Amino acid sequence: MTSAAEQEETGRRQPGTDPGPPPTTAGTGHGPPPRPARPAALARDVAWPGAPTPLGARWHRGPEGRTGTNFALWAGGAEAVEVCVFDEEGNERRVRLAECSDQIWHGFVPGVAPGTRYGYRVHGRWDPWTGARWNPAKLLLDPYARAVDGDFRLPAEVYGHVRDWPEQHVADTVRDDRDSAPYVPKGVVVHDESPAAEWIDDRRPKTPWADTVLYEVHVKGFTMRHPGIPEHLRGTYAGLAHPAALAHLKRLGVTAVELLPVHQFAHEDHLLRRGLTNYWGYNSIGYFAPHAAYASRGTRGEQVGEFRDMVRALHAAGIEVILDVVYNHTAEADERGPMLSLRGIDNRGYYRLQQDARRYRDFTGCGNTLNVVQPQVLRLLTDSLRYWVGEMGVDGFRFDLAAALARAGRDGEEQRFDMLAPFLAVIAQDPVLRRVKLIAEPWDVGSGGYQVGAFPPLWAEWNDRFRDAARDFWRGALPDVRDLGYRLSGSSDLYAWSGRSPQASVNFVTAHDGFTLRDLVTYDHKHNEANGEGNRDGTGDNRSWNHGAEGETEDAGIRALRRRQLRNHLTTLLLSTGVPMLVAGDELGRTQGGNNNAYCQDNGIGWLDWSLLDAPEWRAQCALVARLVALRRAHPVLRRRSFFTGRALFADGRRDVAWFTARGEELTEDDWYAPGRSLGMYLSGRDLPARDAGGAPVVDDSFLLFLHAGPEPVDLTLPGPPWAASYEVVVDTAAEDQEEAPGTVHAAEATVRVEGRSVVVLRVREGDRP
């Protein structure tokens, strides 16, 4: 045995021993405060037995006709569980859950009504070296709480360990017995009003994948400055449901909003210390609760109804709702993070731990990784997903760092990405979840975490290969046009091998993470000084080009070229095969001033500036986006449901897709490998492998897209028979206002001048088709 003196000398506490109070720091101004005495004994009751299912807090009529709430919490390894309910003055009443069925602690508490705030205290061993971190002094949020009231602050009392212990390398092993209840939000008992099936199912837009146009949007950032939304609704779910917000979405023609995280989230301590917050919300702590700060009606359960009403309004406008969900980690961070929920309920069960169980496996870059191979953790995630689909009405999910969810293997073993991982297998067979849209961010930060193209059928993926190819082509950095050809045609090299379709590729040029589209053509370097991290945060690999001046400039030539490049990117994105994703504000020319990591900018940097639409150039760009989306919607050839074959399907030798040089000749093998700044893509509408609802073949117009990234104009010879007899210009990005560009007709084999750095889209004239 190590003596107490030796323990004090080394600063390391032996498992299961009480470290005693921190050493005195009187007069130094440093170190933790002395541990206060425990509060006077609180009133403790014992709950009625209740039931172990469903998990969470459910209000209903119980035994003897008494109304109350059944509480059920999985806490494997815990020694006791108390549910703590709070009255309007904040007084706490503790009720012991005496029943434990298969590691689920449960009990029925009469008189606890909807709107009541509550949390848990979980008793057990404090032994960080074996991963045991129970601390009943900390009030814990119910993982199944359907609403949360209050803000997360992070004073020292919220940590399970003594955060300010002088010897920081062992601080996480010293238990802090101060009560955290005054400083943490509480769960809220919610009246179970399961919505009628008629709007959950019958009113869903049910947009096919091939017809989908995604619009990535932040609930608060989209609405905070919108002049048509009443001030008291700005920044809220009700604001996004307002007719003024819906009008913009319908004008663009997008079919789905992909909402940045709306699960209840917390702010990191390092941000709060700098006077900032986690604006994006990728720091979840409540997987069933709509984030309370986005509610206009109140936070005692009202946020649930407001969220549902938002979904109803979007569905009525024909727009699906996709949630960006963060199931890979939680806001509790690593062993030095706060104790908010899962860590204090069952640290070893909820999180992946290293062989040294005091430490966490971190495949996310956020300090911890959820242990999704544990059945109860898997249940938590799938219960959450089904809840948002079945009771909140959402239409799908985008999974942040999805590769972390698909790592198999137990603690202490190598945990590799596995297409048969439990999470993917459960989703594939679930009768509810396999019917909704599933989008993977197909990477994490761990070894072997980059898995673009590796997810199984049912899944679509964010395709960063499309992003990189588009950016590199338009800045003149692609060595040849091979990669661009694959991206324009649906990325068959990534997705065909697994039996998936082009809709597996979610194409994007920008996302919330990185430069806005305007900043992409305005800055060579990131400018993240406002984040307070010395401009060290955010990627340095932007593949951007400032076109001769860093930042905004008065040079009219540079400004005009930048706007043309914006039109080039938008046209490339919206007319490529696959599922396009726009980022809210890119259609307006939104800028973040060069900040490519605005995750903590809950201000004018992160919000949309609707006054941009007062400028003619940005109104014209917004109109171009709507025009391109409408063109895509009108023509099945631009949203194919299967990959191109490239084979001649008719006697005249015409194929479903063909590739042309500026000379009007098909690309040879050598052309694909040669340096090139131009690429023509012919899409045949006669060869679509699709039938309508009555079984008749679908026939569409044919198109020629010509992309030219060179600085000088080029003369394009239009392909003649069998491809076309004449063509009509429908888009020419060289024109600032597209209303003036379309309509010009050219005969086949004629020469058309294509301006430097521009896209020309030509439709084969139906009456003149050979």
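## The open antiparallel sheet

In this predicted model, four strands form an open sheet in the order 2-3-7-6, with antiparallel pairing. Strands and helices are DSSP runs numbered from the N terminus, a strand (E) having at least two residues and a helix (H or I) at least four; two strands pair if DSSP finds at least two bridges between them. Strand 2 (56-61) and strand 6 (99-101) stand at the edges with a single partner strand each, so one side of each has no neighbour in the sheet. Direction ignored, neighbouring strands of this sheet are turned by 25° against each other on average. Axes here are lines fitted to C-alpha atoms, for helices over the stretch in contact, and angles run from 0 to 180 degrees between N-to-C directions.

Strand 6 is joined to strand 7 (residues 104-110) by 3 bridges, and the two run antiparallel. Ser 101 has Ile 104 in strand 7 as its bridge partner.

## Basis of the model

Residues are numbered from 1 along each chain as its sequence is written, and side-chain values use heavy atoms, with hydrogens and water left out. The model is predicted: local features need pLDDT of at least 70, side-chain atom pairs count only at pLDDT 80 or more, and totals for chains, interfaces and linings use all residues.

A barrel is closed by 8 strands in the order 13-14-17-18-19-20-21-22, and the pairing is parallel. From one strand to the next the twist averages 30°. Helix 7 (residues 302-316) packs on the sheet and touches strand 14 (256-259) and strand 17 (320-325), contact meaning heavy atoms within 4.5 Å. The direction of helix 7 makes about 135° with that of strand 17.

Strand 14 pairs in the parallel sense with strand 13 over 4 bridges, and Tyr 215 stands opposite Val 257 in strand 14. Another 4 bridges join strand 14 to strand 17, also parallel; Leu 259 has Leu 323 in strand 17 as its bridge partner. Both faces of strand 14 are covered, with Ala 256 and Glu 258 buried on one side and Val 257 and Leu 259 buried on the other. Buried means under 20% relative accessible area, exposed over 50%, and partly exposed in between (1.4 Å probe, protein chains only).

## Pocket and cavity

The second largest pocket has a volume of about 460 Å³. Its lining comprises 25 residues, with Trp 209, Arg 434, Arg 435, Val 436 and Lys 437 nearest the centre. Helix 2 (197-202), helix 9 (375-390) and strand 20 are the elements that give two or more residues to this lining. By class, the lining of the second largest pocket has 11 nonpolar, 5 polar and 9 charged residues. Ala, Val, Leu, Ile, Met, Phe, Trp, Tyr, Cys and Pro count as nonpolar, Asp, Glu, Lys and Arg as charged, and the others, Gly among them, as polar.

The structure holds 8 cavities of 30 Å³ or more. On a 1 Å grid over the protein atoms alone, a cavity is a set of points where a 1.4 Å probe fits but cannot get out, whereas a pocket is an open set with protein on both sides within 12 Å along at least five of seven lines; lining residues have an atom within 4 Å of a point. Grid points are joined across faces, edges and corners, and a volume is the space filled by probe spheres set on the points. The largest cavity has a volume of about 190 Å³ and is lined by 21 residues, of which His 512, Val 583, Arg 590, Gln 592 and Gly 606 lie nearest its centre. Strand 13 (214-217) and helix 3 (219-223) each supply at least two residues of that lining.

## Backbone exceptions

A cis peptide bond joins Thr 53 and Pro 54, with omega about -5°; Pro 54 lies in the loop between strand 1 (44-46) and strand 2. The bond from Pro 721 to Pro 722 is also cis, with omega near 10°.

Leu 401 is not a glycine, yet has a positive phi of about 45°. Leu 401 is buried, at 11% relative accessible area. Arg 543, likewise not a glycine, has a positive phi of about 50° and is partly exposed, at 24%.
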